[in-house]
Amino acid sequence: MELIIYGTFLVLSLVAYAARQVANKGDEKKVSISNINFKSFQKSFFLVYFLALLGDWLQGPYVYKLYAFYGFKESEIAILYVAGFASSVVFGTCTGPLADIWGRRKMAIAFAVIYTFCCLTKLTPNFWWLMAGRVFGGIATSMLFSTFESWYVYEHSERHGFPSEWIGMTFSITTFWNGMIAILAGIISNVTAETLGFGPVAPFVVALLPLVVCGVMVVNTWEENYGNRKSGLCGSCLEGLLIIFRDEQILLLGTVQSLLESCMYIFVFLWTPVLDTGTTPLGMVFSCFMVCIM
């Protein structure tokens, strides 16, 4: 089994690399930016954001394995998973407007603190502590994929005055490296949990380091910025709901996206118990999945 998985990872990596090279050759519109100030600002954002992504992805491969290791039944594990997903639905709606009002820098710091707490809850086999970790993990995930990008867009356009066309270039780079970091996280998780024999809790302990460093860097290097502070939290959420239900195209798009996400979440829950034989290198399996999104 291990030989098959490692071989699959190697083959998929080669295919992904070849596809990337072909795509780059066909990209005739690629623009090179030599602005030193922009490059410096961009790299400072990447460093913080990539640490946050690493802390997030490290928690992916061994979640189910950890719960099973603690002796929970499949039905109990399902409840923990649903709690995390439900938390993202309920609180994720509010994270964007709350960041606009409270401040995106503060929200990014809160992300680091909350996700660090989430990792620490994995150190105990107590069901209710793990439940709290899932709930806070859902909140932190919502923060990750809204607050950091919102902060960047404001700083890029309002504080530094860089051309808006450059924003897309930054996010195209983050999309690529998000996949690369996910692959790396799978490998690190596999090494710590399987190769070094520290067990399924090890990746969550490792995730503490990038999350803490991310929080410290936000505190020391980021300026505060805000969004629309006039509408208030309830007003912003209500305005968003009205837009969704008034525009049929947005409603249909959201429905299709929800159906797709539901299939993905079912897969996220089931892949570990289906593939795990007891000695399956789950981190490498996770990396194989991540290579496929490149």
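This is a predicted model: local features need pLDDT of at least 70, side-chain atom pairs count only at pLDDT 80 or more; totals for chains, interfaces and linings use all residues.
Reader: How are two packed helices described?

Author: By the angle between their axes and the distance between the axes. Here the axes of helix 8 (residues 165-195) and helix 9 (residues 202-221) come within 8 Å and cross at roughly 125°. Helices are DSSP runs (H or I, at least four residues), numbered from the N terminus. The axes are lines fitted to C-alpha atoms over the stretch in contact, with angles from 0 to 180 degrees between N-to-C directions.

Reader: Which word describes how helix 8 and helix 9 lie to each other?

Author: Helix 8 and helix 9 are oblique to each other; angles under 35 degrees count as roughly parallel, over 145 as roughly antiparallel, 65 to 115 as roughly perpendicular and the rest as oblique.

Reader: Which residues of helix 8 and helix 9 meet?

Author: Ile188, Ser189, Thr192 and Ala193 in helix 8 meet Ala202, Pro203 and Val206 in helix 9, where contact means heavy atoms within 4.5 Å. The residues of this contact comprise five nonpolar, two polar and no charged. Ala, Val, Leu, Ile, Met, Phe, Trp, Tyr, Cys and Pro count as nonpolar, Asp, Glu, Lys and Arg as charged, and the others, Gly among them, as polar.

Reader: How is a pair of aromatic rings described?

Author: By the distance of the centres and the angle of the planes. The whole structure has 32 aromatic pairs: rings of Phe, Tyr and Trp (its six-membered ring) with centres within 6.5 Å, stacked if the planes are under 30 degrees apart, edge-to-face if over 60 and tilted for the rest. Tyr64 and Phe269 form an edge-to-face pair, 5.6 Å centre to centre with 65° between the planes. Tyr64 lies in helix 3 (residues 63-69) and Phe269 in helix 11 (residues 248-275), 205 residues apart. Trp151 and Trp222 are stacked, at 3.7 Å centre to centre and 5° between the planes.

Reader: Is Ile77 buried or exposed?

Author: Ile77 is buried, with a relative accessible area of 1%; buried means under 20%, exposed over 50%, partly exposed in between (1.4 Å probe, protein chains only). Beyond neighbours within four places in sequence, Ile77 contacts Tyr64, Tyr67, Ala68, Phe72 and Phe269.

Conventions: Residues are numbered from 1 along each chain as its sequence is written. Side-chain values use heavy atoms; hydrogens and water are left out. Helices (H or I, at least four residues) and strands (E, at least two) are DSSP runs, numbered from the N terminus.
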